[in-house]
Amino acid sequence: MKKYLVTGCAGFIGTNFVYYMLKKHRDILLVNLDKLTYAGNPANLEGIGNDARHIFVKGDICDPELVSSLFGKYDFDYVINFAAESHVDRSISDPGVFVRTNVNGTFNLLSKAKDAWCDAEKNVWREGKKFLQVSTDEVYGALGKDGFFTETTPLDPHSPYSSSKASADLFVKAFHDTYGMPVNVTRCSNNYGPYQFPEKLIPLMINNARLHRPLPVYGDGMQVRDWLYVDDHCRAIDTVCSQGKPGEVYNVGGHNERTNLFIVKTVIDVMREKLGDGGISENLITHVADRPGHDRRYGIDPTKIGRELGWYPETSFEDGIVRTVDWYLDNTGWMESVTSGAYLRYYEENYGSRRKLTADKGFSE
Ligand code: NAD
Ligand code: DAU
């Protein structure tokens with residue numbers, strides 16, 4: 001039986017990963033270490049019931065004693081590190097916590113994995129171990145109109161979030177290059193699907209649209225993101241964990257580049273079709289002051305993971321967005337539970353003072 005330490009799996013991608021793995025593999029143990037920040041929601045995991053293959057531990061990846069004790073107790077084969085502060089806008093207003101969790105937390109996990117997996121005197125690594133860092137395409141910075149991010153594109157992060165993720169990636173690389181730790185890094189594009197916290201574009205737009213609230217589009221809305229359905233990302237991580245060549249980086253994406261404005265209009269169309277609600281219309285779209293340092297375009301070249309590991313995305317955007325809207329409309333209780341209290345304060349802080357922009361002023365500041 002393979003034993004995994006999976007971190008941050010009460011959040012969006014981690015939750016989906018736990019469900020994916022429990023469905024896909026019979027004989028596994030997933031120990032899920034999550035601090036339950038604003039983005040972590042234990043209710044996400046209720047569908048697991050009392051399946052003994054999943055053990056939840058509330059705690060911080062930065063805590064050395066806790067992480068050591070988990071290695072002592074479970075003797076993990078794999079560490080998959082999802083835990084992170086993940087929202088670019090929050091990293092602009094409060095960067096320190098991104099350094100703490102994303103950099104120091106990753107370093108702590110690496111150190112404790114090394115202690116458990118490597119005989120320090122002989123510098124011999126135990127067989128079958130691997131550390132997988134779940135990273136992001138944002139570490140590469142922004143593209144112009146042409147070209148794609150490959151695994152050899154230089155790191156050029158712009159936000160405190162992407163800088164903290166790039167720093168973590170470099171520590172993972174250092175543990176491989178210096179100590180010989182078996183590692184992989186995956187760098188995925190924007191995910192969408194169930195359980196995503198509604199600070200991110202798609203669930204935020206779904207929630208605002210259903211409440212007939214303004215849909216805040218940063219700047220001209222012509223920034224491009226490369227969207228991947230979350231289950232495809234989960235399958236990529238599982239594939240890299242079991243088959244990825246140690247020391248390698250794998251980009252994950254599906255050539256699904258869309259402008260933000262296209263995404264928002266698609267959400268409106270799908271919701272109107274489902275609800276027949278005339279109050280949901282493009283009139284809700286409100287251009288607001290842009291995100292500082294906003295990356296204009298991301299686009300992944302996924303050739304390597306396809307060629308070496310046979311991974312390809314399976315969900316088209318057209319199907320994925322309908323499944324996603326359906327999920328949020330079927331789970332309005334979930335949405336309401338995560339959009340009260342602290343969320344309202346965050347929303348006011350992030351959007352309350354953003355100037356509205358108009359087309360005749362060219363959408364710029
Ligand atoms: P999320 O914000 O939804 O979830 C993060 C989880 O980490 C939460 O459950 C939170 O409680 C937990 N966490 C935060 N700090 C912690 C700490 N110190 N100790 C333990 N747990 C902690 O994030 P997500 O969107 O699910 O992203 C997961 C990972 O995937 C992140 O590393 C992110 O950088 C990466 N990623 C995300 C996307 C995307 O589009 N969402 C794309 C590529 C890569
Ligand atoms: O590319 C992968 C990254 O995708 C992950 O590493 C991050 O964790 C994840 O948050 C995501 O980052 P983005 O900044 O691209 O995602 P976000 O949903 O915040 O924004 C997507 C685009 O939509 C971006 O260009 C900003 C824009 N946007 C976002 C929000 C929340 C708006 O125009 N209005 C909004 O209200």
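A polar contact, as I use the term here, is a pair of N or O atoms within 3.5 Å; within protein, one must be able to donate a hydrogen and the other to accept it, and residues adjacent in sequence count only if both atoms are side-chain atoms.

I am working on a predicted model, in which local features need pLDDT of at least 70 and side-chain atom pairs count only at pLDDT 80 or more, while totals for chains, interfaces and linings use all residues. Residues are numbered from 1 along each chain as its sequence is written, chains are lettered from A and ligands numbered from 1 in the order in which they are written, and side-chain values use heavy atoms, with hydrogens and water left out.

**Entry 1, ligand 1.** I looked up the oxygen atoms of ligand 1 and found one 3.5 Å from a polar backbone atom of leucine 36, one 2.5 Å from an N or O atom in the side chain of aspartate 34, and one 2.9 Å from a backbone N or O atom of glycine 11. On its own ligand 1 has 840 Å² of accessible area, of which the protein covers 97% (Shrake-Rupley method, 1.4 Å probe; for residues, only the protein chains shown count as cover). Helix H1 (12–24), strand E7 (130–136) and helix H5 (160–179) are the elements that give two or more residues to the shell, and E7 gives the most, with three; helices (H or I, at least four residues) and strands (E, at least two) are DSSP runs, numbered from the N terminus. I count 28 residues around ligand 1, the closest being Ile13, Asp34, Ser86, Tyr161 and Lys165, where a residue is near if one of its heavy atoms lies within 4 Å. By class the shell divides into 12 nonpolar, 12 polar and four charged residues (Ala, Val, Leu, Ile, Met, Phe, Trp, Tyr, Cys and Pro count as nonpolar, Asp, Glu, Lys and Arg as charged, and the others, Gly among them, as polar).

I then turned to ligand 2, which 22 residues surround, with Asp137, Tyr161, Arg291, His294 and Tyr351 the closest. An oxygen atom of ligand 2 lies 2.7 Å from a polar side-chain atom of threonine 136, and I also noted 2.7 Å between an oxygen atom of the ligand and an N or O atom in the side chain of glutamate 138. Taken alone ligand 2 exposes 680 Å², and the protein buries 95% of that. I find nine nonpolar, seven polar and six charged residues in this shell.

In H12 (residues 342–351) I list Tyr343, Tyr346, Asn350 and Tyr351 as buried, that is, under 20% relative accessible area, with exposed over 50% and partly exposed in between (1.4 Å probe, protein chains only). Seen down the axis of H12 these residues fall within an arc of 100°, so they line one face of the helix; the arc is that of the directions from the helix axis to the C-beta atoms. On the other side of H12 I find Arg345, Glu348 and Glu349 exposed.

I located serine 135 in strand E7, where the residue is buried at a relative accessible area of 5%. Its side chain makes a polar contact of 2.9 Å with the side chain of aspartate 169. Beyond its neighbours within four places in sequence, serine 135 is in contact with residues including Lys165, Val185 and Cys188 (contact means heavy atoms within 4.5 Å).
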